[in-house]
Amino acid sequence: MPEPRTLLLTGAAGALGTMMRNLLPAFGYELRCLDVRPVEGEPDAVTADLADRAALREAVRGVDAVLHLAGISLEAPFEKILRANIEGTYHLYEAAREEGVRRIVFASSNHAVGHTPWPRPGEPPIPVDTPRRPDTFYGLSKSFGEDLAQLYWDRHGLETVSVRIGSCRPEPTSVRMLSIWLSPADGARLFHAALTAPDVGHTVVYGSSANTRLRWDLTSARALGYTPCDDSEPYAARLLADEGDLDPADPAQALLGGPFVTDPPVWPH
Ligand code: NAI
Ligand code: 15L
């Protein structure tokens, strides 16, 4: 497969979409942007809802690959998650299949496995094939997306890398994030690797930087050619002084999904 160059970026107006619009062109991508909201500074962006199959077909026509970031990015009522994340992702995959797109990089989330306990000291890191344990309807939609990706690979030969993103933001803002932080620059490196690695079929990876306090397995991400360069550790002393260390007796701290696992989810924290 030749290196993709023309890339449809869904969710381009969002936090991650905005960071990737700034970072991915340096890797040689020409971006076509899509969002249900206008995308600031991108007059040619497609303004469309993921429910609009005709608009999606037109948007994916001729692109080499899709970076699918659009959707609801936090917990929400099931009906909203159903429409945007479950049905919306299905519509995108159908449009891609119909137009012959070869690869999608899917923004999955740590919340697809958010009910997984953090490993204790000395235990191995959480593997990518740990059983799916969503912590919310939101996490459930990401679990669905991973299954959808597997189906479209097995039935239609449409490749996907599902990236279970930790927390991608300029700086980690909690002790939990020290383990799952993905710096924006590493995010761009990881998405580039996911877009260009050969023969991925459907591959699931965790999305984080090379954090000293990493507690999940980055092997499958590294196998794509991803070499993370950042580490959250310089932020650790300040965050630990503010919050103290994680309390294994508190479900919001003992489980991967953190504040999402409580009912109702405690967010933002
Ligand atoms: P965000 O909420 O800032 O951006 C999502 C974008 O999707 C928004 O611009 C929104 O207008 C658009 N959107 C929502 N529903 C849509 C629809 N029906 N049709 C078209 N566009 C729609 O979220 P963020 O932080 O940029 O995350 C991007 C993706 O990465 C999301 O899928 C999120 O679940 C996933 N993710 C992000 C993480 C992070 O740390 N930022 C962590 C884990 C996963
Ligand atoms: C996610 O899936 C969210 O989209 C993001 O906003 C963060 O909250 C992240 O998980 C997290 O777990 O910190």
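Visitor: Which atom of ligand 1 does a backbone N or O atom of Cys168 approach, and what distance separates the pair?

Guide: The general idea is the polar contact, a pair of N or O atoms within 3.5 Å, where within protein one must be able to donate a hydrogen and the other to accept it, and residues adjacent in sequence count only if both atoms are side-chain atoms. Here, a backbone N or O atom of Cys168 lies 2.7 Å from an oxygen atom of ligand 1. A backbone N or O atom of Leu16 is likewise 2.7 Å from an oxygen atom of this ligand, while in Ser73 it is an N or O atom of the side chain that lies 2.7 Å from a ligand 1 oxygen.

Guide: Please keep in mind that this is a predicted model, in which local features need pLDDT of at least 70 and side-chain atom pairs count only at pLDDT 80 or more, whereas totals for chains, interfaces and linings use all residues. Residues are numbered from 1 along each chain as its sequence is written, chains are lettered from A and ligands numbered from 1 in the order in which they are written, and side-chain values use heavy atoms, with hydrogens and water left out.

Visitor: How much of ligand 1 does the protein bury?

Guide: Accessible areas come from the Shrake-Rupley method with a 1.4 Å probe, and for residues only the protein chains shown count as cover. Ligand 1 taken alone exposes 820 Å², of which the protein buries 86%.

Visitor: Which elements give two or more residues to the shell around ligand 1?

Guide: Helices (H or I, at least four residues) and strands (E, at least two) are DSSP runs numbered from the N terminus. In this case the contributors are helix 1 (15-23), strand 5 (103-109), helix 4 (137-156) and strand 7 (167-168), and strand 5 gives the most, with three residues. A residue belongs to such surroundings if one of its heavy atoms lies within 4 Å of the molecule, and of the 25 residues around ligand 1, those that come nearest are Leu16, Asp35, Ser73, Tyr138 and Cys168.

Visitor: How does the shell around ligand 1 divide by residue class?

Guide: Ala, Val, Leu, Ile, Met, Phe, Trp, Tyr, Cys and Pro count as nonpolar, Asp, Glu, Lys and Arg as charged, and the others, Gly among them, as polar. The shell around ligand 1 then comprises 13 nonpolar, eight polar and four charged residues.

Visitor: What surrounds ligand 2?

Guide: Ten residues do, and the closest are Ser73, Ser109, His111, Tyr138 and Ser167; by class, three residues of this shell are nonpolar, six polar and one charged. On its own, ligand 2 has 320 Å² of accessible area, and the protein covers 85% of it.

Visitor: Is Ser208 buried or exposed?

Guide: Buried means under 20% relative accessible area, exposed over 50%, and partly exposed in between, with a 1.4 Å probe and protein chains only. Ser208 counts as buried because its relative accessibility is 0%. This residue is in the loop between strand 9 (202-207) and helix 7 (219-223), and a polar contact of 3.0 Å joins its side chain to that of Trp216.

Visitor: Where is Ser232, and what does its side chain approach?

Guide: Ser232 is in the loop between helix 7 and helix 8, and counts as buried at 0% relative accessibility. A polar atom of its side chain lies 2.6 Å from the backbone oxygen of Leu178.

Visitor: What is the phi of Asp199?

Guide: Phi of Asp199 is near 50°, a positive value in a residue other than glycine. Asp199 lies in the loop between helix 6 (184-196) and strand 9, and is exposed because its relative accessible area is 73%.

Visitor: How far apart are Glu243 and Ser174, in sequence and in space?

Guide: They are 69 residues apart in sequence and 7.7 Å apart in space, C-alpha to C-alpha. Glu243 is found in helix 8 (residues 236-243), and at 42% relative accessibility counts as partly exposed.
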